Amino acid sequence: MKVTKSDITISAVAPKQYPPEGLPEIALAGRSNVGKSSFINKLINRKALARTSSKPGKTQTLNFYLINEAFHFVDVPGYGYAKVSKTEREAWGKMLETYFSERENLRATVLVVDIRHQPSVEDVAMYDFLKFHKLPVIIVATKLDKIKKAQVQKHVNRIRETLAVEGDDVIIPFSSETAQGKEEAWRKIESFL
Ligand SMILES: Nc1nc2c(ncn2[C@@H]2O[C@H](COP(=O)(O)OP(=O)(O)OP(=O)(O)O)[C@@H](O)[C@H]2O)c(=O)[nH]1
Ligand SMILES: [Mg+2]
């Protein structure tokens with residue numbers, strides 16, 4: 001997709017703040033600091049529309065980014081970040097659960113995992129949760145620039161086995177540094193719009 005326009009629509013914490021128009025949405029999900037915001041920026045050719053950080057816990061609200069006035073990317077807080085309080089974690093959990101289980105505009109979720117590591121228990125739980133709600137998942141295995149080319153297939157296989165990937169869900173090796181996988185990610189996302 002050629003992105004000619006991208007803007008933040010709203011940072012939301014509750015359903016009444018979600019954009020009211022019926023535009024399709026593609027949400028992000030994944031561990032804190034895995035590279036969700038960086039993925040959005042790379043796809044839309046913006047350096048920092050979605051705020052990123054080397055410290056986990058940067059994204060704390062549901063951030064709706066309007067792309068080409070046609071659909072929203074929804075950036076979400078990551079899970080698995082130990083340093084937030086229990087109360088905060090529960091509030092985020094509730095916010096995410098509400099969004100993923102009730103949002104009718106949601107067409108597909110990009111589950112971002114680190115290609116270097118075996119998916120965590122929380123990654124598996126997130127994937128199972130999305131499948132329970134019958135949501136299509138695009139698995140993006142990011143930080144591809146951090147492993148050797150000869151290792152890629154082995155790592156992708158490990159991700160597929162650990163998540164027990166179902167049906168039409170794909171795993172796309174990707175790097176926000178080199179833009180590898182960007183075209184394939186766009187093709188897959190466009191198929192859900
Ligand atoms: N080498 C490399 N670094 C990456 C890549 N993607 C993201 N990073 C780095 O990983 C760190 C976290 O990236 P973010 O995009 O902020 O991660 P996030 O998943 O949005 O994190 P939260 O908002 O805290 O949940 C930053 O320092 C990024 O520069 C990648 O493909 N390759
Ligand atoms: Mg983020």
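I took helices (H or I, at least four residues) and strands (E, at least two) as DSSP runs, numbered from the N terminus. On that basis I find five helices and seven strands in the protein chain. From the N terminus on, I read the elements as β-β-α-β-β-α-β-α-β-α-β-α.

Before going further I noted the ground rules. This is a predicted model, in which local features need pLDDT of at least 70, side-chain atom pairs count only at pLDDT 80 or more, and totals for chains, interfaces and linings use all residues. Residues are numbered from 1 along each chain as its sequence is written, while chains are lettered from A and ligands numbered from 1 in the order in which they are written.

Burial. I call a residue buried if 20 or more other C-beta atoms lie within 10 Å of its own, exposed if 12 or fewer, and partly exposed in between, with C-beta atoms placed from the backbone. Buried residues are 38% of the 193 in the protein chain.

Helix α3. I find 12 residues here, 121-132, and a reach of 16 Å from first C-alpha to last, close to the 16 Å expected at 1.5 Å a residue. The expected span is 1.5 Å times one less than the number of residues. Which residues of α3 are buried? They are D123, M126, Y127 and L130. These cover an arc of only 95° around the axis, so they sit on the same side of α3. The arc is that of the directions from the helix axis to the C-beta atoms. V121, A125 and F132 are exposed on the other side. K134 follows α3 and has a positive phi, near 60°.

Helix α2. K94 lies in α2, residues 86-102. I count K94 as exposed because it has 10 C-beta neighbours inside 10 Å.

Ligand 1. I call a residue near if its C-beta atom, placed from the backbone, lies within 6 Å. Of the 24 residues around ligand 1, G35, S38, T52, T59 and G78 come nearest. Helix α1 (residues 36-43) gives the most to this shell, with three residues.
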